[in-house]
Amino acid sequence: FFIRRRTALSQELFDNQKRMKKLILTVCHGNMQRSVIAEHCINRELQQSGLDDRYRVLSRGTQGTESDKDPPPKHKNLRHYENEWLLAKPVLEEIGITIPIDQEATPIDALVVEEATIIIAMERAVLLASPNSLICQFPSSGYKMRMFTELENKADDIADLYGQKDSATVRREILRIESIVKTHFKQLTA
């Protein structure tokens, strides 16, 4: 009995600590590349700056949500998309980002939106231009939502890399994500 009770209390304490951290949420369409890469870049900056005890980062996608007509992604993560992985892997290795084998594409839901302190969309369609956009699905949380590129005082998209065959485009977009996070990280934690 005591061991089970201690385990339950430990889990409850862990859950409370997790909830106390401010949540930065990155969102793209499929939760395969852009939002996942941004999540890992932000996590690295949080760790390096010693702020990982106050903030946490998650990534999600709009694909596969209740309001989306598209089915959920075919595979659980970027590693399972052969062509995309072949182009992205060397750039990710260059910048020191590892996509874990158990990383899983996850559709956004109301619970994570409610918990988030800031919600960062990787493109305009995800934020407000598609029928399953963040604004359409969660209009009362619009005050938390921003375009990722607003961090650098722009409002353009980070290009969707799904199906991309040009290695230069993949490289440019991944390096841009990393650069924006490194250069404008303080804006996320202000």
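I take exposed to mean over 50% relative accessible area, and buried to mean under 20%. I am working on a predicted model.

**Entry: the aromatic pair**

I looked for aromatic pairs and counted 1. Tyrosine 81 and tyrosine 162 form it, edge-to-face, with 5.8 Å centre to centre and 90 degrees between the planes. I then checked where the partners sit. The pair links distant parts of the chain, 81 residues apart. Tyrosine 81 lies in the loop between β2 (55-61) and α3 (82-95), and tyrosine 162 lies in the loop between β4 (145-147) and α7 (167-188). Is tyrosine 81 buried or exposed? I read 9% relative accessibility for tyrosine 81, so that residue counts as buried.

**Entry: the whole chain**

I stepped back to the overall layout. I found 7 helices and 4 strands in the protein. From the N terminus the order of elements is α-β-α-β-α-α-β-α-α-β-α. The protein has 190 residues, and 46% of them are buried.

**Entry: helix α2**

I went to α2 (34-49) next. The helix has 16 residues, which should span 22 Å at 1.5 Å a residue; I found its end C-alpha atoms 22 Å apart, so the two agree. How many of the residues of α2 are buried? I got 12 of 16, so I noted α2 as mostly covered, given the under 20% cut-off for buried. Among the buried residues are Arg34, Glu39, His40, Cys41, Arg44 and Glu45. Val36, Ile37, Ile42 and Leu46 are also on that list. The cover over the buried residues of α2 includes β1, β2, α3 and α7. Just after α2, I noted glycine 50 with a positive phi of about 75 degrees.

**Entry: helix α3**

Where does α3 bend? I placed the bend, about 35 degrees, at alanine 88. A proline, proline 90, follows within four residues. In α3 the buried residues are Glu84, Trp85, Ala88, Val91, Leu92 and Ile95. These buried residues pack against α2 and α7. Glycine 96 follows α3, and its phi is positive, near 75 degrees.

I also checked lysine 89, which is in α3. At 36% relative accessibility, lysine 89 counts as partly exposed. Its C-alpha atom is separated by 9.4 Å from that of leucine 78, 11 residues apart along the chain.

I turned to α7. Its 22 residues should span 32 Å at 1.5 Å a residue; its end C-alpha atoms are 29 Å apart, which agrees. I found a kink of about 50 degrees, centred on lysine 182. The buried residues of α7 include Thr169, Val170, Glu173, Ile174, Arg176 and Ile177. Further along, His184, Phe185 and Leu188 are buried as well. The buried residues of α7 pack against β1, α2, β2, α3 and β3 (116-121).

At what angle do α3 and α7 pack? I got about 35 degrees, with the axes 9 Å apart. The crossing is right-handed. On the α3 side, the meeting residues are Leu87, Ala88, Val91, Leu92, Glu94 and Ile95. On the α7 side, they are Ser167, Val170, Arg171, Ile174, Leu175 and Glu178.

Most residues other than glycine have a negative phi. Asparagine 31 has phi near 60 degrees, a positive value. Its place is the loop between β1 (22-28) and α2. At 2% relative accessibility, asparagine 31 counts as buried. Asparagine 153 also has a positive phi, near 60 degrees. I found asparagine 153 in the loop between β4 and α7. Its relative accessibility is 74%, so asparagine 153 counts as exposed.

Notes
Residues numbered from 1 in each chain as written. Predicted model: local features only at pLDDT ≥ 70, side-chain atom pairs only at ≥ 80, totals over all residues. Heavy atoms only, no water. Phe/Tyr/Trp six-rings, centres within 6.5 Å; stacked < 30°, edge-to-face > 60°. Helix = DSSP H or I, 4+ residues; strand = E, 2+ residues; numbered from the N terminus. Buried < 20%, exposed > 50% of the residue type's maximum accessible area, 1.4 Å probe, protein only. Bend = angle between axes of the 7 residues up to and from the residue. Contact = heavy atoms within 4.5 Å. Axes fitted to C-alpha atoms, helices over the stretch in contact; angles between N-to-C directions. Left-handed = near helix turned anticlockwise from the far one by under 90°. Expected span 1.5 Å × (residues − 1).
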